[in-house]
Amino acid sequence: MIAKVEPPVNMGQISRATVPLNVSLAVVAELDDLTVGGLINGCGIAKSSHIYGLFADTVVAYEVVLADGRVVRAKDNEFSELFYAIPWSQGTLGLLVSAEIKLIPIKEYMRLTYTPVKGSLKDLAQGYIDSFAPKDGDQDNPEKVPDFVEGMIYNPSEGVMMTGRYASKEEAKKKGNVINSCGWWFKPWFYQHAQTTLERGEFVEYIPTREYYHRHTRSLYLLGPPRPNWEGKLIIPLGDQAWFRFLLGWLMPPKVSLLKATQGEAIRNYYHENHVIQDMLVPLYKVGDALEWVHREMEVYPLWLCPHRLFRLPVKTMIYPEPGFEQHKRQGDTSYAQMFTDVGVYYAPGPILRGEVFDGAEAVRKLEKWLIENHGFQPQYTVSELNEKDFWRMFDASLYEKARRKYGAIGTFTSVYYKSKKGRKSEKEVAEAEKEQAEVETPDAEVE
């Protein structure tokens, strides 16, 4: 039950090969074009991460070309430090050439339950937590914990929580059950389909498993890093209309790589100032605080919620649980992992939609400050305003810098800070910074 995969292979290719065999990766990121290499070196999260952790947590071994040309197999062996340092390193420790990833048995359909939640933002956060985290702390009980979890916050007082369990073909096709093949080009975009729960009330339907995995692909946002999203409506305003879906929906979505290649710097800078493309990884018990902060500072809706475990590992990696988290016995936590949540913030802020002034760079700085103060993390593909000192206040440098020195990455590969630094810098400025970084030996980063 292990898949050996090269980094450029994407989620769509893997699910196309595995799902007919009734097996799958334990964590399947939503969009077809997301690649194994990107999900390992960056932040890979999916609706099953509350059980299996982030994508990199499901990898059992990496094959890596080091700076001196050696090819090594890093796992829990003599290269264990490299194994634990690779996630979030953005390819700055070596060249990843393959990964061995866990597979799990699955069934043909997903039984998906849509539940409306109404009230204050704190009420919505608690409804989200209650949808997958038993109050008695029995987080490892499959009878109490669903296979898949996802939350959508549509406005400050309404949200929809979705929980899924694998179901057999025989169960799905029983009389009276509703099957929704949501992958067809003419179907409503998934986030809009889920929004009907607010009027319909709670309901259950069955979705073919592979179509469920990639349910957000057609409405992905078209500029910036690929994430499950609804920004297609901003780029193609008519894209969610029934006539467009029926006549031209088969064209959706365009390839992200093509859009990135044809995206000018002016468009990138415009998005940075007038748009929000951020993920906030926060401890589960702080989700309500995060929702209130986003509403107060950015006023972006809808918001995407996806829980994930952050395991306590033998070494302290770049991202890590709060020290002593297990003593508090909070909802969702276990003795070996703290439950976090990705709060996905992707859309035009309320002030921009109303024609008011909005300082995108300052909003990102405030977001990063809030994350540092609340033991949160910002995935490195997002636009960042962090300086190097604050970057290493958010992330832990100890294991990463040790691996950089031990495996000769300094002077060959730029540091992860410069590799991921974007913000308002131009491509030329980033390239110059990387060149300067490669010419001098990186000093030890400050460790909090």
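**Core, helices and backbone features of the predicted chain**

The largest nonpolar core comprises 120 residues, and those with the most contacts inside it are Met11, Tyr62, Leu82 and Met280. Strand β12 (residues 337-347) gives the most to this core, with 6 residues. A nonpolar core is here a set of buried Ala, Val, Leu, Ile, Met, Phe, Trp, Tyr and Cys residues joined through side-chain atoms within 4.5 Å; buried denotes under 20% relative accessible area, exposed over 50%, and partly exposed the range in between (1.4 Å probe, protein chains only). Apart from its neighbours within four places in sequence, leucine 82 is in contact (heavy atoms within 4.5 Å) with Val64, Leu66, Val72, Ala74, Leu93 and Tyr407.

The model is predicted: local features need pLDDT of at least 70, side-chain atom pairs count only at pLDDT 80 or more, and totals for chains, interfaces and linings use all residues. Residues are numbered from 1 along each chain as its sequence is written, and side-chain values use heavy atoms, with hydrogens and water left out. The mean pLDDT (the predictor's confidence in each residue, from 0 to 100) of the chain is 87, and 81% of its residues reach 70 or more. Over residues 221-232 pLDDT stays under 50, and for this segment the model has 64 contacts beyond four places in sequence.

The chain contains 20 helices and 12 strands, assigned as DSSP runs (helices H or I, at least four residues; strands E, at least two) and numbered from the N terminus. Of the 448 residues, 58% are buried. Among contacts with a separation of 6 or more, 76% are between residues 24 or more positions apart. The accessible surface (Shrake-Rupley method, 1.4 Å probe; for residues, only the protein chains shown count as cover) comes to about 18,900 Å², of which 53% belongs to carbon and sulfur atoms.

Helix α16 (residues 360-373) has 14 residues and spans 20 Å from its first C-alpha to its last, close to the 20 Å expected at 1.5 Å a residue; the expected span is 1.5 Å times one less than the number of residues. Its buried residues include Ala363, Val364, Leu367, Trp370 and Leu371. Aspartate 359 caps the N-terminal end of α16, with a side-chain oxygen 3.3 Å from the backbone nitrogen of alanine 361. Histidine 375 follows α16 and is found in the loop between α16 and α17 (388-394). Histidine 375 has a positive phi of about 55° although it is not a glycine, and it counts as buried because its relative accessible area is 16%.

In helix α5 (residues 121-130), Leu121, Leu124, Ala125, Gly127, Tyr128 and Ile129 are buried. These buried residues pack against β6 (109-118), β7 (148-155), β8 (158-167), α14 (287-297), β11 (303-311) and β12.

Serine 15 lies in helix α1 (residues 11-18) and is buried, at 3% relative accessibility. Beyond four places in sequence, serine 15 is in contact with Pro20, Arg210, Tyr213 and His214. Asparagine 22, in the loop between α1 and β2 (23-25), has a positive phi near 60° and is partly exposed, at 27% relative accessibility.

Most residues other than glycine have a negative phi, and most peptide bonds are trans. A cis peptide bond, with omega about 0°, joins tyrosine 301 and proline 302; proline 302 is in the loop between α14 and β11. Glycine 91, in the loop between α4 (80-85) and β5 (95-105), is 49 residues from glycine 42 in sequence and 8.9 Å from it in space, C-alpha to C-alpha.

Methods:
A polar contact is a pair of N or O atoms within 3.5 Å; within protein, one must be able to donate a hydrogen and the other to accept it, and residues adjacent in sequence count only if both atoms are side-chain atoms.
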